[in-house]
Amino acid sequence: MKTLAQLLEKRILIIDGAMGTMIQRHKLQEADYRGDRFADWPSDLKGNNDLLSITRPDIIQDIHLQYLKAGANIIETNTFNAQRISMADYHMEDLSYEINVAAAQCARKAIDAFRADASVEQDPDQAYFVAGALGPTNKTLSLSPDVNNPGFRAVTFDEVADAYYEQVKGLVDGGIDLILIETIFDTLNAKAAIYATKKYFADHQINLPIMISGTITDASGRTLSGQTLEAFLYSVQHAEPISIGLNCALGGRQMRPFIEELSTMADCYVSAYPNAGLPNAMGEYDETPEITANIIQEWAQDGLVNVVGGCCGTTPPHIAAIARAVKGIKPRRLSNPEIQA
């Protein structure tokens, strides 16, 4: 099977779309999240989407399978909040490792099912990868949650790094192919994720590719913690990621100038998976698959990207349209190809 780097040299790869958007379509209730195992859990569990990898793996695996059929090469594990800092909201800190293992296995099984499906035309020159998703956590290391105490932090760097280390362990044990540190609004949190990932790799003598994806929150071109795109890039490039990019917060039209800027600075591959436009007054996304695909096609034609897909509001039809739109377009070339040798 071709490696991720080998495929990136040849074509624009497709990452999947929104997991949360697809879960919402099932209109799950409290009982769905609890299942039999957590029927008597003392706190509410509805909304803990990561837990569904244990209680409703059928739903999670099917969502992965839909994205694979739509043309995704890379599917993300359902682990955006699956570290103990975020899991504390549900008093499920001690389940973090298990949730990550289960989520990775759901994605792995989806790829196996996809490859075994005789009704799907298989491309022998194609490969599929499970990206272990590390979200930003629900706490920030750079900003105080107390306006009256700017120096206060709700969590320490070591606590965040330890939580990510445990998450990486679960993902690797579950069978992932790469790590995706995504939706970064605070680069210090990302540094903790990078530190934890690299430490786990060193401790266990493995080395998987690392993808990094930040979030520009508005037209200012800065992350929530105030960094410019250039500063963000320089702050994380020590991780030697196979790709760096942007996702979430913005639709494709709003993200374009920042992807263009990033493509001129990055010495690795560039990824971009925007939302399906900006949310409407009801918090929903109206941008059609065709509109999203046309925007991303322009990026591809201008040589800006290597990995594309969708974030909030995107669905398998969005991913299918994006895959069709960039098919046959040459990927962005590295300024220094030896970096990925």
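**View 1. The whole chain.** The protein has 13 helices and eight strands (DSSP runs numbered from the N terminus, H or I of at least four residues for helices, E of at least two for strands). Its radius of gyration, taken over C-alpha atoms, is 19 Å, close to the 20 Å that the globule rule gives for 341 residues, so it's as compact as a globular protein of that length (the rule is 2.2 Å times the number of residues to the power 0.38). Buried residues, those under 20% relative accessible area with a 1.4 Å probe and protein chains only, make up 55% of the 341. This is a predicted model: local features need pLDDT of at least 70 and side-chain atom pairs pLDDT 80 or more, while totals for chains, interfaces and linings use all residues. Residues are numbered from 1 along each chain as its sequence is written, and side-chain values use heavy atoms, leaving out hydrogens and water.

**View 2. Helix 5 against helix 13.** Helix 5 (residues 57-70) packs on helix 13 (residues 316-326) at about 25°, axes 8 Å apart (lines fitted to C-alpha atoms over the stretch in contact, angles from 0 to 180 degrees between N-to-C directions). The two are therefore roughly parallel (under 35 degrees). Q66, Y67 and A70 of helix 5 meet P316, I319, A320 and A323 of helix 13, contact being heavy atoms within 4.5 Å.

**View 3. G226 in its loop.** G226 sits between strand 5 (210-214) and helix 10 (229-236). G226 is partly exposed, at 31% relative accessible area (the range between buried and exposed, the latter over 50%). From D62, G226 is 164 residues away in sequence and 38 Å away in space, C-alpha to C-alpha.

Note on methods:
Angles under 35 degrees count as roughly parallel, over 145 as roughly antiparallel, 65 to 115 as roughly perpendicular and the rest as oblique.
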